[in-house]
Amino acid sequence: PCLGSVTDILRVFVDAVPHIPHHRRLPLLSHLLSTVGSMEYLYVVLGLLAEKCVLQSGEKQTPKDTILDSRFLVSLARSFSDTEQLHAVLKLIQYMCNLPEDRPESTREVREISQTLTYLFNIPLHSFKQLRQFKFAVLALLIAIIGKLRLDKREEREEIMKSIGQEEEEEEMFDIEKLIRSVLQETLEYVGLVHKSRGSASDSTSVKYWEAMLS
């Protein structure tokens with residue numbers, strides 16, 4: 001299925017999450033991702049939820065609405081395997097690397113971005129401030145997810161070996177190692193982009209923002 005079409009469907013569910021009872025949110029989204037393919041679409045849902053968090057922070061809430069926070073997003077990510085989480089982290093870092101430093105003003109630039117990047121965060125419809133908030137929210141989410149990964153728990157690896165066999169377990173660990181290398185490479189690239197933005201910042205607000213992104 002087309003990424004854009006599936007994302008449109010996922011966005012409907014994400015938009016409805018604040019109106020769903022808290023205890024039903026995680027099972028609903030976990031089942032939804034298991035249905036459409038968590039390896040392909042976990043990062044999409046996490047990105048859409050991060051956008052929702054940013055937009056909700058500036059909206060008036062009704063008594064029945066509950067503002068989403070990063071803890072829910074991390075809990076959703078942890079519903080899936082380390083491999084799926086690392087793949088989602090990788091895809092989100094790649095997405096962040098392609099986001100513009102500022103919100104474009106020209107019609108041509110907006111059109112070019114609309115064709116490739118707006119499936120998670122709709123840049124033409126949101127403000128420069130919201131774009132910065134989205135970047136910060138995604139970065140904080142990625143740090144939280146990586147910090148919760150169970151890669152160093154020998155007991156869990158031994159349980160995996162018992163359940164799926166040594167050959168399959170070794171193959172899974174090899175995939176995880178490849179993903180970790182890819183995540184590190186993309187992270188270094190993104191850090192370089194942030195350093196470049198920090199160096200070219202011309203006002204104190206921008207300097208503080210990019211320094212916060214690096215800290």
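K52 is buried, with a relative accessible area of 15%, where buried means under 20% relative accessible area, exposed over 50% and partly exposed in between, for a 1.4 Å probe and protein chains only. The side chain of K52 meets that of D15 in a salt bridge of 3.7 Å, N to O, a salt bridge being a side-chain nitrogen of Lys or Arg within 4 Å of a carboxyl oxygen of Asp or Glu. This is a predicted model, in which local features need pLDDT of at least 70 and side-chain atom pairs count only at pLDDT 80 or more, while totals for chains, interfaces and linings use all residues. Residues are numbered from 1 along each chain as its sequence is written, and side-chain values use heavy atoms, with hydrogens and water left out.

**Salt bridges**

- The structure holds 3 salt bridges, and the one between D15 in helix α1 and K52 in helix α3 links distant parts of the chain, 37 residues apart; helices (H or I, at least four residues) and strands (E, at least two) are DSSP runs numbered from the N terminus.
- D15 counts as partly exposed at 34% relative accessibility.
- E51 and R11 form another salt bridge, at 2.7 Å from N to O, which joins helix α3 to helix α1 across 40 residues of sequence; E51 is buried at 3% relative accessible area, whereas R11 is partly exposed at 22%.
- E211 forms a salt bridge with R198, the closest N and O atoms being 3.1 Å apart, and because E211 lies in helix α10 and R198 in helix α9, the pair ties together parts that are 13 residues apart in sequence.
- Both E211, at 38% relative accessible area, and R198, at 28%, are partly exposed.

- Not counting residues up to four places away in sequence, L10 touches L32, V36, Y41, V44, V45 and L48, contact meaning heavy atoms within 4.5 Å.
- V12 lies in helix α1 and is exposed, with a relative accessible area of 55%.

**Helix α5**

- L90 lies in helix α5 and is buried at 9% relative accessibility; leaving aside neighbours within four places in sequence, L90 is in contact with L179, S182, V183 and E186.
- E84, also placed in helix α5, is buried at 16% relative accessible area and touches S38, M39 and L42, not counting residues up to four places away in sequence.

**Aromatic pairs**

- There are 4 aromatic pairs, the rule being that rings of Phe, Tyr and Trp (its six-membered ring) pair if their centres lie within 6.5 Å, with planes under 30 degrees apart counted as stacked, over 60 as edge-to-face and the rest as tilted.
- Y95 and F134 form an edge-to-face pair, 6.4 Å centre to centre with 85 degrees between the planes, which links helix α5 to helix α7 across 39 residues.
- Y95 is buried at 4% relative accessibility, and F134 is buried at 0%.
- Y95, Y119, F121 and F134 form one aromatic cluster.
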